[in-house]
Amino acid sequence: MSNDKGLQDAHVRIGTKQTVRAVELGEASEVYVAMDAEQRMIAKITSLCSKTGVKITEVETMRELGKACGIEVGAAMVAVLK
């Protein structure tokens, strides 16, 4: 990812449940999704984002996404809040 520092400085929700909730509540402006996450989770958030008009950015791995957020573990998805 090119903007690693950007996700550490932004207001984000990390993880599947928190990301889905942020999108459902209209709080998310963009969602980052790790492509090595479970396909059913990717399908669910992709569908939800397309219905609500939230931009989706794909990231190669959960480890890379977690690192970009400044955490030591992988993250399946992250919502950047408005």
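Two strands count as paired if DSSP finds at least two bridges between them. The legends below apply this to a predicted model.

**View 1. An open sheet of four strands.** The strand order is β1-β4-β2-β3, and the pairing is mixed. At the edges stand β1 and β3 (55-59), each with a single partner strand, so one side of each has no neighbour in the sheet. Averaged over the sheet and with direction ignored, neighbouring strands are turned by 20° against each other.

View 2. β1 (residues 12-14) and β4 run antiparallel and are joined by three bridges. In this pairing, R13 stands opposite A79 of β4, and I14 is placed opposite V78 of β4. β2 and β4 also run antiparallel, here with five bridges between them. V33 stands opposite M77 in β4.

**View 3. Burial of β4.** Five of the five residues of β4 are buried, which makes the strand mostly covered. The burial applies to both faces: M77, A79 and L81 lie on one side, V78 and V80 on the other, and all are buried.

**View 4. Helices against the sheet.** α2 lies across β1, β2 and β4, and runs at about 40° to β4. α3 packs on the sheet as well, where it touches β2, β3 and β4. The direction of α3 makes about 160° with that of β2.

**View 5. The largest nonpolar core.** This core has 17 residues. The residues with the most contacts inside it are V23, A28, V31, V33, I45, C49 and V54. Two or more residues come from each of α2 (16-24), β2 (28-34), α3 (39-52) and β4 (77-81). The most is given by α3, with five residues.

**View 6. Surroundings of C49, and another core.** With residues up to four places away in sequence not counted, C49 touches V23, V31, V54 and I56. Of these, V23, V31 and V54 are themselves among the residues with the most contacts inside the largest core. Another core, of 11 residues, lies apart from the largest one; L7, Y32, V59 and V78 are among its members. V78 is also the residue of β4 that stands opposite I14.

**View 7. Salt bridge between E30 and K55.** A search of the whole structure finds two salt bridges. In one of them the side chains of E30 and K55 meet, at 3.7 Å from N to O. E30 belongs to strand β2 and K55 to strand β3, so the pair ties together parts that are 25 residues apart in sequence. E30 has a relative accessible area of 15%. Buried means under 20%, so E30 is buried.

**View 8. Salt bridge between R40 and E38.** The closest N and O atoms of R40 and E38 are 3.0 Å apart. R40 has a relative accessibility of 60% and counts as exposed. The value for E38 is 44%, so this residue counts as partly exposed.

Definitions and conventions:
Residues are numbered from 1 along each chain as its sequence is written. This is a predicted model: local features need pLDDT of at least 70, side-chain atom pairs count only at pLDDT 80 or more; totals for chains, interfaces and linings use all residues. Side-chain values use heavy atoms; hydrogens and water are left out. A nonpolar core is a set of buried Ala, Val, Leu, Ile, Met, Phe, Trp, Tyr and Cys residues joined through side-chain atoms within 4.5 Å. Buried means under 20% relative accessible area, exposed over 50%, partly exposed in between (1.4 Å probe, protein chains only). Contact means heavy atoms within 4.5 Å. Axes are lines fitted to C-alpha atoms, for helices over the stretch in contact, and angles run from 0 to 180 degrees between N-to-C directions. A salt bridge is a side-chain nitrogen of Lys or Arg within 4 Å of a carboxyl oxygen of Asp or Glu.
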